[in-house]
Amino acid sequence: MSKSLLIVSRQPPWSGPSAREALDIALAGGAFDLPIGMLFLDDGVLQLVGSQQPGTLQQKDLSANLQALPLFGVEALYASTRSLQERGLDGQALALAIETLDDAALTALIDRYDQVITL
Amino acid sequence: MATLHVLSHSPFSDSRLSSCLRLLGSGDGLLLSGDAVYALQRGTAQRQALDLMPANIGLFALEEDLCARAIDAPPRVQVVDYPGFVELSCRFGKVNSWL
Amino acid sequence: MKFVIALFSAPHAPSSRRALRFAQAALAGGHEIVRLFFYQDGVHSASSAVVSAQDELDLSAEWRTFVQEQHLDGVVCIAAALRRGVLNAEEAQRYGRTAANLTAPWELSGLGQLHEATQMADRLLCFGGP
């Protein structure tokens, strides 16, 4: 059986290639049909805000990569309730259908996966 | 499957330690390396938070980083060298480095 | 135990040295490293263009020697490397660049190599940041 991998993305979207490169790990794993989960934590939840316009920074939009996750078979998508609340995003419509988890549920989530990468 | 969390950022300028402490589960471990060993500095809120961690959380620190920074680990913290780090990564089910 | 070691930081970052010392200790302890995978700024740790002062640690050279002597599988992510100007001769020629700074034993390949190694290994160890 394939080992599962949880990718924890903590990077804001437009501060360099880090957020995109974390997504790339998830997409590559999905392309190989591996059981991949993705958790947006801390500033990583800022990637989920809708209607962002990175074109003003001459950056490529991440939202296409985010939307591609389920298409690549990465359907286990989570965000930290606390991180969303801290950043004033609780209750806001997000750019991705995603399950929000409290701290205890995050501990259980990390426990379930075979390997974790936190970027 | 218990997780060994590994930190290397200074806890005074970065939120990783506080994020990580909230996610530690029973049986998990925390290894402080690099500037993260500053969390053991006496008289700080970070050190106090670590002192209050339940006994079922294993606390570890990388010896070379403690020595380089003149930091004394409290008895609760197990000081490890690289072979010890390797052994820890075998003992825990997985290793989660907060990059 | 079988390890895959992923490095995300440049050679001047303490975490690059930490990854190398961990890898050396793992082999010394009788463990196996199925692959080294360098991603993000870790691609710089494989560069042969780094020049260190004589009295300073030359970590990218140490990495190269380590991979060579231990006959390890050292993979550098091609997308991350191109973005950061770490090129082997083939890529330098393909993109018309004047210099190549990635040589054997390093190989350029894709993220699939990280996933494949993670499937083969018992533990994934990531090093990065400071």
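Me: What ipTM and pTM does the predictor give the complex?
Reply: The ipTM is 0.97 and the pTM is 0.96. The model is a prediction.

Me: And chain C, what pLDDT does it average?
Reply: Chain C averages 97. 100% of its residues score at least 70.

Me: Interfaces next. How many residues of chain A are in contact with chain C?
Reply: 14 residues of chain A contact 13 residues of chain C. On the chain A side, α1 (18-31) and β5 (115-118) each supply at least two residues. The largest share is from α1(A), with 6 residues.

Me: How does that side of chain A divide into nonpolar, polar and charged?
Reply: There are 7 nonpolar, 4 polar and 3 charged residues on the side of chain A that touches chain C.

Me: Now chain C against chain B. How many residues are in contact?
Reply: 18 residues of chain C contact 15 residues of chain B. On the chain C side, α1 (14-28) and β5 (123-127) are the elements giving two or more residues. Here α1(C) has the largest share, 7 residues. The side of chain C that touches chain B divides into 10 nonpolar, 5 polar and 3 charged residues.

Me: Let's go inside chain B. Which way do the residues of β2(B) point?
Reply: B:G29 and B:L31 point one way from β2 (residues 29-32). B:L30 and B:L32 point the other way. All of them are buried.

Me: Why would side chains alternate like that in a strand?
Reply: In a regular strand, side chains alternate between the two faces of the sheet.

Me: Which strands pair with β2(B)?
Reply: Strand β1 (residues 3-7) of chain B pairs with β2(B) in the parallel sense, over 4 bridges. Strand β3 (residues 58-62) of chain B also pairs with β2(B) in the parallel sense, over 4 bridges.

Me: Which residue is the bridge partner of B:V6? And what stands opposite B:L30?
Reply: B:V6 has B:L31 of β2(B) as its bridge partner. B:L30 stands opposite B:L59 in β3(B).

Me: Are the β-α-β units there right-handed or left-handed?
Reply: β1(B), helix α1 (residues 16-23) and β2(B) make a right-handed unit. β2(B), helix α2 (residues 45-51) and β3(B) make a right-handed unit as well.

Me: Where is B:F92?
Reply: B:F92 is in the loop between α4 (82-91) and β5 (94-97) of chain B.

Me: Buried or exposed?
Reply: Buried, because B:F92 has 20 C-beta neighbours inside 10 Å. The cut-off for buried is 20 or more.

Me: What does B:F92 touch, leaving out residues up to four places away in sequence?
Reply: B:A2, B:T3, B:L4 and B:G29. B:G29 is 63 residues from B:F92 in sequence, but the C-alpha to C-alpha distance is 7.9 Å. B:G29 is also one of the buried residues of β2(B).

Me: Switching to chain C. Where is C:A49, and how far is C:A49 from C:R17 in space?
Reply: C:A49 is in the loop between β2 (32-38) and α2 (59-69) of chain C. C:A49 and C:R17 are 18 Å apart, C-alpha to C-alpha, and 32 residues apart in sequence.

Me: Why does C:A49 count as partly exposed?
Reply: C:A49 has 13 C-beta neighbours inside 10 Å, so C:A49 counts as partly exposed. Exposed would need 12 or fewer.

Me: Back to chain A. How do β2(A) and β3(A) pair?
Reply: β2 (residues 36-40) and β3 (residues 76-80) of chain A pair in the parallel sense over 4 bridges. A:L39 stands opposite A:Y78 in β3(A). The chain crosses between these strands through helix α2 (residues 63-71), and this β-α-β crossover is right-handed.

Me: And from β3(A) to β4(A), how many bridges?
Reply: 3 bridges join β3(A) to β4 (residues 99-101), and these strands run parallel. A:A79 stands opposite A:T100 in β4(A). Here the chain crosses through helix α3 (residues 81-86), and this crossover is right-handed.

Me: Last one, α4(A). Which residues are buried?
Reply: A:L106, A:L109 and A:I110 are the buried residues of α4 (residues 103-112) of chain A. They fall within an arc of 95 degrees seen down the axis, so they line one face of the helix.

Me: Which exposed residues are on the face turned away?
Reply: A:A104, A:A108 and A:R112.

Technical notes
Residues are numbered from 1 along each chain as its sequence is written. Chains are lettered from A and ligands numbered from 1 in the order in which they are written. This is a predicted model: local features need pLDDT of at least 70, side-chain atom pairs count only at pLDDT 80 or more; totals for chains, interfaces and linings use all residues. Two residues are in contact if their C-beta atoms, placed from the backbone, lie within 7 Å. Ala, Val, Leu, Ile, Met, Phe, Trp, Tyr, Cys and Pro count as nonpolar, Asp, Glu, Lys and Arg as charged, and the others, Gly among them, as polar. Two strands pair if DSSP finds at least two bridges between them. A crossover is right-handed if, with the strands pointing away from the viewer, the path from the first strand over the helix to the second runs clockwise. The arc is that of the directions from the helix axis to the C-beta atoms. pLDDT is the predictor's confidence in each residue, from 0 to 100.
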